[in-house]
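I opened this notebook to record what I looked up, entry by entry, and to keep each reading next to the residues it concerns.

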Amino acid sequence: MEGVQEKLDALVRQGAAQAGVEVYHWQLQRLGRRSQLKVQVDRPGGVTVDDCARASRAIEILLDEADPLPGSYLLEVSSPGLERPLWRPEHYARAVGKLVEMKLRPDGILRGRLARVEADAVAVTHAGTELEVPFARVVQAHLIYEQEQDNR
């Protein structure tokens with residue numbers, strides 16, 4: 001029997017595809033008596049408010065038809081943002097060359113430029129030195145927004 005997570009994943013991805021965007025990340029959490037489903041969508045060049053609204057409508061229709069969540073739910077669809085969290089290896093791969101901040105276990109913060117991504121680690125250039133960080137040490141990571149240089 002297919003679990004709730006698998007059903008939700010399939011419905012969220014189907015709705016996003018119908019709206020012409022891709023799922024960047026989603027998570028389900030309890031919000032009092034209700035469930036809250038937060039979905040971040042993206043596409044090359046970024047998403048607009050209209051893209052998020054279209055994805056929200058498409059996902060909502062699918063959720064209402066399939067009814068995988070007991071009780072009422074709150075659906076929130078948004079962009080991952082400029083300082084987007086990095087959840088999966090493909091998120092890191094898209095961020096190569098960009099400035100990142102990583103919270104590491106057992107403790108520590110590393111801020112540097114993402115140099116490359118391997119199967120089980122990333123390389124970050126910090127203060128002129130390339131450091132290899134296994135994914136197992138990364139607690140959280142996100143991009144740091146850098147204003148583009150105006151070369152006019």
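I began with Ala127, which is exposed, as its relative accessible area of 76% lies over the 50% limit. I am working with a predicted model, so I take every value here as computed from it. Ala127 sits in the loop between S6 and S7, and I noted that its phi is near 55 degrees, a positive value in a residue other than glycine. I then turned to Asp67, which is not a glycine either and has a positive phi of about 50 degrees. Asp67 belongs to the loop between H2 and S3, and with a relative accessible area of 54% it is exposed. I also looked up the peptide bond between Arg105 and Pro106, which is cis, with omega about 10 degrees; Pro106 is in the loop between strand S4 (99–104) and S5.

Entry 2, domains. I found the chain divided into domain 1, covering 3–78, and domain 2, covering 89–143. Taken over C-alpha atoms, the centres of domain 1 and domain 2 are separated by 28 Å.

I traced an open sheet of 5 strands in the order S7-S6-S5-S4-S8, and its pairing is antiparallel. Strand S7 (129–134) and strand S8 (138–143) are at the edges, where each has a single partner strand, so one side of each is left without a neighbour in the sheet. On average, and with direction ignored, neighbouring strands of this sheet are turned by 40 degrees against each other. Within the sheet I looked at strand S5 (residues 109–117) and strand S6 (residues 121–126), which run antiparallel and are joined by 4 bridges; Arg113 stands opposite Thr125 in S6.

I located Gln5 in helix H1, where it is partly exposed, with a relative accessible area of 46%. With neighbours within four places in sequence left aside, Gln5 is in contact with Trp26 and Leu28. I also looked up Arg54, which is 49 residues from Gln5 along the chain, and the C-alpha atoms of the two are separated by 22 Å.

Entry 6, aromatic rings. How many aromatic pairs does a search of the whole structure find? The search returned 1 aromatic pair. The rings of Tyr92 and Phe135 have centres 5.0 Å apart and planes at 65 degrees, so I recorded the pair as edge-to-face. Tyr92 lies in helix H3 (residues 89–94) and Phe135 in the loop between S7 and S8, so the pair ties together parts that are 43 residues apart in sequence. I checked the exposure of both partners: Tyr92 is buried, with a relative accessible area of 3%, and Phe135 is buried as well, with a relative accessible area of 19%, which is under the 20% limit.

Methods: Residues numbered from 1 in each chain as written. Predicted model: local features only at pLDDT ≥ 70, side-chain atom pairs only at ≥ 80, totals over all residues. Heavy atoms only, no water. Pairing = 2+ DSSP bridges. Axes fitted to C-alpha atoms, helices over the stretch in contact; angles between N-to-C directions. Buried < 20%, exposed > 50% of the residue type's maximum accessible area, 1.4 Å probe, protein only. Contact = heavy atoms within 4.5 Å. Domains from an automatic or database assignment. Phe/Tyr/Trp six-rings, centres within 6.5 Å; stacked < 30°, edge-to-face > 60°.
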